[in-house]
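Here are my notes for someone opening this structure for the first time. Please read them with the model on screen.

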Amino acid sequence: MKVLAIALNTFREAIRDRILYLLLVFAVLLIGSSRALSLLTVGSEEKIVKDIGLAAISLFGVATAIFVGVGLVFKEIEKRTIYTLVSKPIVRSHFILGKYLGLVLVLAVNVSIMTACFYGLLLVKGWADAAIASAVFLTLVELLLVTAIAIFFSSFSTPILSSLFTVTAYVIGHVSWGLLMLAERVNGLGRGICHALYWCLPNLERLNVRGMVVHGADVPLDQVLTATVYGVSYTIIVLGLAMMMFRRRDFL
Amino acid sequence: MKGGPIGAGFLLGACVAAAGVSSSRLESMSHREGSASVLYLPSGQYLKVVSLGFPELLADVIYLWSIQYYGDYDKADRYVFLEHVYSSVIAELDPHYIDPYLVGAMIMGMEAGDHEMALRLLDKGARANPEEWILPFEAGFICFDSLGDYERAAGYFERAMAIPGAPPATRRIHAEMFNKMGDKRRSLAHWSQIHDTADSDYVRDISWSHVHDLMIEVDLETLTTAVASYRSLHGRLPAALADLRRAGLTDRIPDDPDGRPYQYDAATGAVKSASPWRLFRKGNR
């Protein structure tokens with residue numbers, strides 16, 4: 001119950017910060033781009049609108065996860081409200097979990113509304129496709145992981161540094177396939193390090209089926225499920241580390 | 001201090017004018033830029049890294065830009081990096097994006113006049129998308145229509161028609177390529193197959209016209225060759241076509257596809273068909 005209370009308060013706080021205004025930007029971007037594209041492109045309008053919609057859902061979600069996520073813990077410390085909280089019978093890990101779940105709720109609402117807008121536009125244009133849902137779902141799983149990473153860094157660092165670290169982790173997560181290419185060019189220990197890093201670092205490309213979806217390829221259910229298991233497992237590990245870091249933190 | 005607001009007004013006006021003039025000048029300079037702006041466009045392999053999981057979106061952006069760029073006829077040297085833009089950048093960023101292959105090949109062939117470059121792009125697209133019949137079909141059409149290389153065109157059309165979803169007309173165009181390259185017997189074999197497997201009266205009628213005329217052409221070629229052989233063996237022309245069979249120069253004397261016997265002129269050795277051609281082709285009227 002304490003976790004739920006913290007989560008709901010985090011959700012309310014984010015709503016008060018007018019985070020949902022992002023949705024308005026999303027709707028304008030989507031409708032505006034679909035109108036502009038009909039003037040600029042030769043064919044491909046459907047593919048480009050789907051690309052923009054899926055990318056916008058992902059990028060707005062990541063921006064929310066990073067910039068709200070890194071401030072969640074820090075704001076409590078800065079405003080000294082953390083002292084009130086830690087003096088109460090609340091386990092510190094519950095505090096982190098509550099903050100995390102609150103932000104996940106914000107993201108879930110954001111993504112749901114953006115997806116509804118997106119599907120609305122696709123229906124009007126006659127391009128609606130059920131496979132889009134699998135890409136959006138895996139984007140949400142990616143956001144779960146990015147949020148956990150943001151909270152992990154914010155549990156021991158400042159918001160600016162946490163933002164920087166999380167953005168770096170996000171970038172690495174999308175280009176870690178380059179490590180395998182690098183491994184082919186080096187021998188011995190270097191190759192081992194490349195492989196170790198490849199398997200240890202979060203690989204966000206495993207949660208990216210946007211390319212398959214926009215080209216009309218089938219996304220197998222077992223791929224979606226396996227990717228979900230990967231994303232959720234990684235999230236739990238990172239969240240566990242965040243709880244450990246936060247437990248060791250001294251507020252006196 | 002009294003002239004302050006007036007001075008500030010003049011300064012502001014001067015700044016607005018300077019900004020407007022410089023902006024306009026920069027705009028005209030950017031039009032002179034030509035291909036230099038494309039020179040710094042990195043390969044798609046590198047752009048894929050910086051796209052951070054959105055290579056398809058980046059491919060869209062560059063594709064949209066390319067349409068505007070190659071549609072600007074003021075840039076005389078705009079084709080210098082044409083292959084780089086479509087093949088090395090867009091196709092590397094999103095290998096399954098079909099429209100840029102088609103539009104790029106069209107610009108390369110029809111605008112830049114480099115059909116081999118267009119074929120290289122379509123070949124690259126076909127390798128990345130073996131399920132897309134349109135790419136080898138377009139390549140075949142370029143070979144047929146622009147290069148007049150019918151043998152190469154036949155190869156592309158054969159690849160296209162082997163892919164599910166290819167329009168039935170692909171088989172007909174493929175069959176006609178052999179006729180274009182002068183191999184009437186192979187063309188007849190393909191057209192006969194199309195006729196025998198036709199699933200509509202339209203296709204049956206079209207294919208029969210081709211089979212009809214090709215059969216006459218093949219028969220006339222066979223009989224004319226046999227007449228020439230007879231003449232070189234016996235020192236005279238045969239009195240009738242039946243002499244060719246008796247001399248062992250042909251197994252049988254065929255009738256034309258309408259069931260009429262071929263007409264033979266014993267004075268000149270010319271063989272012709274009594275039936276009219278069904279198709280209008282150069283040389284058969």
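This is a predicted model: local features need pLDDT of at least 70, side-chain atom pairs count only at pLDDT 80 or more; totals for chains, interfaces and linings use all residues.

1. From α5(A) come I96(A), K99(A), Y100(A), L103(A), V104(A), L107(A), A108(A), V111(A), T115(A), F118(A), Y119(A) and L122(A), and they meet I132(A), A133(A), V136(A), L140(A), L143(A), L144(A), T147(A), A148(A) and I151(A) of α6(A). By class, the residues of this contact are 18 nonpolar, two polar and one charged.

2. How do the axes of α5(A) and α6(A) cross? They come within 10 Å, at an angle of roughly 155°, with α6 covering residues 131–154 of chain A. Because the angle is over 145 degrees, α5(A) counts as roughly antiparallel to α6(A). The crossing of these two helices is right-handed.

3. Is K99(A) buried or exposed? Its relative accessible area is 2%, and because buried means under 20%, K99(A) counts as buried.

4. The side chain of K99(A) also meets that of E76(A) in a salt bridge, at 2.6 Å from N to O. E76(A) belongs to helix α3 (residues 45–78) of chain A and K99(A) to α5, so this pair ties together parts that are 23 residues apart in sequence. Both residues of the pair are buried.

5. E92(B) is in helix α5 (residues 82–93) of chain B, and K124(B) is in helix α7 (residues 115–128) of that chain, 32 residues apart. With a relative accessibility of 25%, E92(B) counts as partly exposed.

6. Back in chain A, salt bridges with shared partners join E13(A), K75(A), E76(A) and K99(A) into one network. Over all chains, the structure holds 18 salt bridges. As a general point, side chains of opposite charge can pair when their charged atoms come close.

7. D94(B) deserves a separate look. This residue lies in the loop between α5 and α6 (98–111) of chain B, and D94(B) counts as buried at 2% relative accessibility. Which residues does D94(B) contact, leaving aside its neighbours within four places in sequence? They are K47(A), H215(A), E56(B) and A59(B).

8. The axes of α10 (residues 169–180) and α11 (residues 184–196) come within 7 Å and cross at roughly 160°, which makes α10(B) roughly antiparallel to α11(B). This crossing is left-handed, whereas that of α5(A) and α6(A) is right-handed.

9. In the chain B pair, R171(B), R172(B), H174(B), A175(B), E176(B), F178(B) and N179(B) of α10(B) meet K184(B), R186(B), S187(B), H190(B), W191(B), Q193(B) and I194(B) of α11(B). These residues divide into four nonpolar, five polar and five charged. For the contact of α5(A) with α6(A), the division is 18 nonpolar, two polar and one charged.

Definitions and conventions: Residues are numbered from 1 along each chain as its sequence is written. Chains are lettered from A and ligands numbered from 1 in the order in which they are written. Side-chain values use heavy atoms; hydrogens and water are left out. A salt bridge is a side-chain nitrogen of Lys or Arg within 4 Å of a carboxyl oxygen of Asp or Glu. Buried means under 20% relative accessible area, exposed over 50%, partly exposed in between (1.4 Å probe, protein chains only). Helices (H or I, at least four residues) and strands (E, at least two) are DSSP runs, numbered from the N terminus. Axes are lines fitted to C-alpha atoms, for helices over the stretch in contact, and angles run from 0 to 180 degrees between N-to-C directions. Angles under 35 degrees count as roughly parallel, over 145 as roughly antiparallel, 65 to 115 as roughly perpendicular and the rest as oblique. A crossing is left-handed if the near helix is turned anticlockwise from the far one by less than a right angle, and right-handed if clockwise. Contact means heavy atoms within 4.5 Å. Ala, Val, Leu, Ile, Met, Phe, Trp, Tyr, Cys and Pro count as nonpolar, Asp, Glu, Lys and Arg as charged, and the others, Gly among them, as polar.
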